[in-house]
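Colleague: Please take a close look at a single part of this model. One connected account will do.

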Amino acid sequence: MNQTQTENQNENPADGPNANGEPVIETRAFDAEVHQLLKLMINALYSNREIFLRELVSNASDALDKLRFQALTDSGLQSAEQNPAIEISVDAEKHMLVIEDNGIGMTRDEVVDHIGTIARSGTARFLESLSGDQKTDAKMIGQFGVGFYSAFIVSDKVVVETRSASAGSDEAVRWVSDGKGEYTLETIEREPVGTRIELHLAEDHRDLLDAERVKGIVQHYSNHVSFPIYVQSIDPADDESETESTPRKSVNDTQALWTRPKTEISDDEYTEFYGGLSGDLQAPAKWTHHHVEGNQSYSMLLFLPSQAPYDLAWNRDDRHGLKLYIQRVFIMDAAEQLLPRYLRFVRGVVDSADLPLNVSREILQDSPLLTKIRAAVVRRSLDMIEKLAEQGGEPWQQFQREFGNVLKEGIIEDPDNRERIAGLLHFASTTSTQPYSVSLADYLERAGDEADAVWYLTAENQSQALASPHLEAFFSRQVEVLLLTDPVDAWLVNHLFEYQGKPLKSAASGQLDIDEPDQVVDSKQGERLAGRIKKALGDRVGNVLPSRRLTESASCIAEEASGMNLQMRRILKQAGQDVPEYKPDLEINVSHDLLQRLDRSDDDVYSAELAQVLLDQALLIDGGELADPTGFVKRVNRLLASGAEASGAESASPGRRESGPADETSSSSADQA
Ligand code: ADP
Ligand code: MG
């Protein structure tokens, strides 16, 4: 009998045999996170249960990759393994599936770190994003490697036996858990380096104990794993000699897909390869495959996913999914070296024949060859996106919805390709309010040759944009205006100055060239009003100008021709950045009732309040924030009340409240007057 020692703290308990020479089994509790994950995962993944095999095969393949890579640089490795392989055995009698590899293995500490806790892995990201809603969670699964714990979807007990190839690591370890909160660890005898995982299938998953079925799953999810995968049935009734004599045939196609000629690869093969690479259960929207020969040779296979991972828009730094191989040996995830941020949704493989195998990240950083490959990756990615654009239809619209925002970052990040990227962007506009429906080329085509600019308006959202006083002049002239409502748009317009020779101009700009004004301003009256308002507002504004374009609204903010737009200020402020102080220019609609009334009034208090309200209104409409919202509301109430008095009792003077600010009581008593 083994002695069991319960050890929930992570103190280092005695391991190795005890005084009687019996092995000690140490029991540990999972991290709270693991516990939570296991419970959620089993529910959320139930209908996708087969992916556990993909995850375990992918871990085995990673372990083989790691061993192969490490063997290049580390002569102390214990393994002289010549035949890297993944073995899957189906043991119907013991209700067991066994997945074994001769890869890098794990030390005892690694087992604890990687399997008892959630290390930095797909699993951790998955856990963070779980919403607790099964339907949503199940949809997200495709976006992650969900990892080792997926074994518990189908198993009521999992046994891991492993031995690390690292120099000096001579003990093997057994990890056992029923996935309910605890696991045990024990030192065991095990000769070969590598990992063996036993899945004891729960009763309702024993239909998986069928070698043909398992082969089918492997081919479906893992066909292009670059190590041979063997599936065998362990049946005591079987004559063993049969398996011994016939040479085994791997279930999968181990020739790296990207090394094969394009003409020999079917769409299904590309799609399946993409699934294994990305974990995405949806087919890719497009792919591009090239073999480049010459003094520098490389192959490149790139995919455009059809759906975005959940964190794509904001998680700009977490880039993975572009794998670098050197002569078919996996070296590393090199998205950071090979893909600019704005293309972080691209997935794929680059295989170089010329980089040295023992290349390090540092060397990669400034390798001229890699710079060349990177330029090719960018060019081919943009080609691929352009092709999707040419085909149009729903896939292209979906691309816009999923990735259009991220692509916009390219205008800022990649000035060399600015015009190309600009050609791929889509926006909403006053003509077509559907999001992502108008390209700059569409705009110019509609605007005609005589158009002098591409007009745009940045705003927080579409309804705010459409209600903006800045658009009045454009509506009346039937000039289309792009409505830019993504946060990134505020930056975009500071970097994209023109498209096909036409300047991009803000509809909110004060320098609007209007040949035939909508407003014929009595210049004397205009000057008089502007002067009075400027005097009342003092330092709060730069200039006050009579508007030649406003027809309905009383006032609006005129944007500086160059400089930060209001949108940008707001975003920076929200991000906690210091925004330089700024005095907006105010445009006033002289013919508006309010302004006319102001002109007639000689009551200074009334005019001062009205002037403040005209400015605050304009700021509000532009999505700006008021420094003093309470003051604004009070002023509006006072003006409303005095208006009510003026119409209720002709004689009442709006100036009678000179004695002090009105409070709620006095305004309600004014209502009753
Ligand atoms: P991920 O593969 O995304 O890192 P997993 O949950 O699939 O997350 O695996 C967790 C970790 O456990 C791996 O990163 C690896 O270090 C270790 N591991 C899992 N399976 C094996 C294996 N067959 N051989 C060696 N290490 C393994
Ligand atoms: Mg994994």
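Modeller: Start with helix 21 (residues 593-600), whose buried residues are Leu595, Leu598 and Asp599. Buried means under 20% relative accessible area, exposed over 50%, and partly exposed in between, with a 1.4 Å probe and protein chains only. Those three cover an arc of only 100° around the axis, which puts them on the same side of helix 21. The arc is that of the directions from the helix axis to the C-beta atoms. An α-helix has 3.6 residues a turn, so residues three or four places apart point the same way. On the face turned away from the buried side, helix 21 carries the exposed residues Asp593 and Arg600.

This is a predicted model: local features need pLDDT of at least 70, side-chain atom pairs count only at pLDDT 80 or more, and totals for chains, interfaces and linings use all residues. Residues are numbered from 1 along each chain as its sequence is written, chains are lettered from A and ligands numbered from 1 in the order in which they are written, and side-chain values use heavy atoms, with hydrogens and water left out.

What does the buried side of helix 21 pack against? Its buried residues pack against helix 19, strand 23 (585-588) and helix 22. Contact means heavy atoms within 4.5 Å. Helices (H or I, at least four residues) and strands (E, at least two) are DSSP runs, numbered from the N terminus.

Take the two helices next. Helix 19 (residues 523-537) and helix 22 (residues 604-621) pack at about 85°, with axes 9 Å apart. Axes are lines fitted to C-alpha atoms, for helices over the stretch in contact, and angles run from 0 to 180 degrees between N-to-C directions. Helix 19 is therefore roughly perpendicular to helix 22, a term for 65 to 115 degrees. Helix 19 contributes Arg532, Ile533, Ala536 and Leu537 to the contact; from helix 22 come Ser607, Ala608, Ala611, Gln612, Leu614 and Leu615.

Now strand 23. An open sheet of 3 strands runs in the order 21-23-22, with mixed pairing. Strand 21 (544-546) and strand 22 (555-558) stand at the edges, each with a single partner strand, so one side of each has no neighbour in the sheet. Two strands pair if DSSP finds at least two bridges between them. The twist averages 30° from one strand to the next. Strands 21 and 23 pair in the parallel sense over 3 bridges. Pro546 stands opposite Ile588 in strand 23. Helix 22 packs on this sheet, touching strand 22 and strand 23; its direction makes about 65° with that of strand 22.

Conventions. Parallel < 35°, antiparallel > 145°, perpendicular 65-115°, else oblique.
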